[in-house]
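This briefing is meant for a reader meeting the structure for the first time. Please keep the sequence and the model in view while reading.

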Amino acid sequence: MDLFSRLETIPLYSAIAGALFLVLLAFFFYVLMIFNNLVRLRIMISKAWANVDVLLKQRHDEVPNLVAVIEGVKDFEKSVMTQVAEARAATQRAAGPTAQGEAEKTLTGALGNLFAVAENYPTLKAQENFLMLQKRLSELEDAIADRRTFYNESVAAYNARIREFPDVLLANTFKFLPQEMFQAGAGEKEPVKVGLLR
């Protein structure tokens, strides 16, 4: 092979090397894009859970105020008050969406019992503080339901992405694990009776 033939093959090798470099560069950016999207989805889940957690804390902070108002009522059933206090303590010990969901179900049931028993106490139903706290808890329930929906939508989008091809390859490599949904317990599927009393 003479020198001229050798020089003709150099541009061909350069073109192949250049094309291969561009393909590898495109693949790198594609993998980087998938990784960043998975990270973004995981951050959205954390943010959504933080929003739920803030509202749950606000709800838990209102419970002692409600108990304080009710303690002023003579002969109010102590077992109901104990049930509410124990349920609130359980929600503060719960960790993660599943445990938190179960604990919240218990607190919701205890508050439902408390408001049902309160129907038998006309002096309590007439107190402005009680009615105001009851309304506040009802508003918090609505806000919590809205934030739970956003959290579960974020989890569903993330869990779907880490199972789709080609994202599943990257998710397995970098340990992107499925996240838990915030499930309503059986008692929470019924509406909570915290509306205004008659």
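Leaving aside its neighbours within four places in sequence, which residues is Leu114 in contact with? In this predicted model, Leu114 is in contact with Leu66, Ile70, Phe76, Val80, Met81 and Val84, once those sequence neighbours are set aside.

**Overall make-up**
- Of the 198 residues in the chain, 33% count as buried, while the chain exposes about 12200 Å², of which carbon and sulfur atoms supply 62%.
- Among the contacts in the chain with a separation of 6 or more, 79% are accounted for by residues 24 or more positions apart.

**Nonpolar cores**
- The largest nonpolar core has 23 residues, and the members that touch the most other members are Leu66, Ile70, Phe76, Leu114, Leu124 and Phe130.
- Two or more residues of this core are given by each of the elements α1 (3-71), α2 (78-93), α3 (97-118) and α5 (128-161), and the largest share, 7 residues, comes from α3.
- Apart from this core lies another one, made of 19 residues, with Ile34, Ile45, Tyr151 and Val155 among them.

**Surface patch**
- A nonpolar patch on the surface is formed by Phe21, Leu22, Leu25, Phe28, Phe29 and Leu32, which together have about 600 Å² of accessible area.
- One of the patch residues, Leu22, lies in helix α1, and Leu22 counts as exposed because its relative accessibility is 56%, where exposed means over 50%.

- Phe165 and Pro166 are joined by a cis peptide bond, with omega at about 5°, and Pro166 lies in the loop between α5 and α6 (167-173).
- Lys175, which is found in the segment after α6, has a phi near 60°, a positive value in a residue other than glycine.
- Is Lys175 buried or exposed? With a relative accessible area of 60%, Lys175 is exposed, since the cut-off for that label is over 50%.

Terms used
Residues numbered from 1 in each chain as written. Predicted model: local features only at pLDDT ≥ 70, side-chain atom pairs only at ≥ 80, totals over all residues. Heavy atoms only, no water. Core = buried A, V, L, I, M, F, W, Y, C linked by side-chain atoms within 4.5 Å. Buried < 20%, exposed > 50% of the residue type's maximum accessible area, 1.4 Å probe, protein only. Helix = DSSP H or I, 4+ residues; strand = E, 2+ residues; numbered from the N terminus. Contact = heavy atoms within 4.5 Å. Patch = residues over 30% accessible without salt bridge, like charges linked within 9 Å, V, L, I, M, F, W, Y side chains within 5 Å. Areas by Shrake-Rupley, 256 points an atom, 1.4 Å probe, with all protein chains shown as cover. Salt bridge = Lys/Arg side-chain N within 4 Å of Asp/Glu carboxyl O.
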